[in-house]
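Please keep the sequence and the model in view while reading.

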Amino acid sequence: MGHGARVWEAEGTVHIDVRGLDPPQPLLAIIELIEEPETGGPVIVHHDRDPIMLYPELAERGWDHEHLAAPSGEVRLRLSRATA
């Protein structure tokens, strides 16, 4: 994976950490990940700010987002494929 993001899997869930990356690298890394055919979701995103530019991109691609509890200074999201 490019863009400098760290990606790992824990307990069957893919995580992507884009903290510390300059825009638009976080958005590009997340979009690249969810567009991989083997990424069925859910995906946990570890971000250092609310990625408001990401939300319309997710909706366009059929993904939902949910804010999760996170340590101070982190925005954590769960991305999943939208259900009809």
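## Overall fold

Residues 24 or more positions apart account for 52% of the contacts in the protein chain with a separation of 6 or more, where contact means heavy atoms within 4.5 Å. The model is predicted, so that local features need pLDDT of at least 70 and side-chain atom pairs count only at pLDDT 80 or more, while totals for chains, interfaces and linings use all residues. Residues are numbered from 1 along each chain as its sequence is written, and side-chain values use heavy atoms, with hydrogens and water left out.

The secondary structure comes to 2 helices and 5 strands, with helices (H or I, at least four residues) and strands (E, at least two) taken as DSSP runs and numbered from the N terminus. From the N terminus on, the elements run β-β-α-β-α-β-β. The radius of gyration of the protein chain is 12 Å, close to the 12 Å that the globule rule gives for 84 residues, so the chain is as compact as a globular protein of that length; the radius is taken over C-alpha atoms, and the rule is 2.2 Å times the number of residues to the power 0.38. Along its principal axes the C-alpha trace spans about 35 × 30 × 25 Å. Buried residues make up 35% of the 84 residues, where buried means under 20% relative accessible area, exposed over 50%, and partly exposed in between (1.4 Å probe, protein chains only).

## Hairpin and selected residues

Strand β1 (residues 6–10) and strand β2 (residues 13–17) pair in the antiparallel sense over 5 bridges, pairing being assigned if DSSP finds at least two bridges between two strands. Glu9 stands opposite Val14 in β2, and 2 residues lie between the strands of this hairpin. Glu11, in the loop between β1 and β2, has a positive phi of about 50 degrees although it is not a glycine. Most residues other than glycine have a negative phi, and most peptide bonds are trans. A cis peptide bond with omega of about 5 degrees joins Pro23 and Pro24, and Pro24 is found in the loop between β2 and α1.

| Residue | Relative accessible area | State |
|---|---|---|
| Glu11 | 84% | exposed |
| Thr13 | 17% | buried |
| Arg76 | 23% | partly exposed |

Leaving aside neighbours within four places in sequence, Thr13 is in contact with Trp8, Pro42 and Ile44. Arg76 and Asp48 are 28 residues apart in sequence and 8.4 Å apart in space, C-alpha to C-alpha.

Which residues of α1 are buried? They are Pro26, Ala29, Ile30, Ile31, Leu33 and Ile34, and what covers them includes β1, β2, β3 (43–47), α2 (54–60), β4 (63–68) and β5 (75–81).

About 160 Å³ of space lies in the largest pocket. On a 1 Å grid over the protein atoms alone, a pocket is an open set of points where a 1.4 Å probe fits, with protein on both sides within 12 Å along at least five of seven lines, and lining residues have an atom within 4 Å of a point. Helix α1 (residues 25–34) gives the largest share of the lining, 3 residues. Pro23, Pro24, Ile30 and Asp50 are among the lining residues.

Key: Grid points are joined across faces, edges and corners, and a volume is the space filled by probe spheres set on the points.
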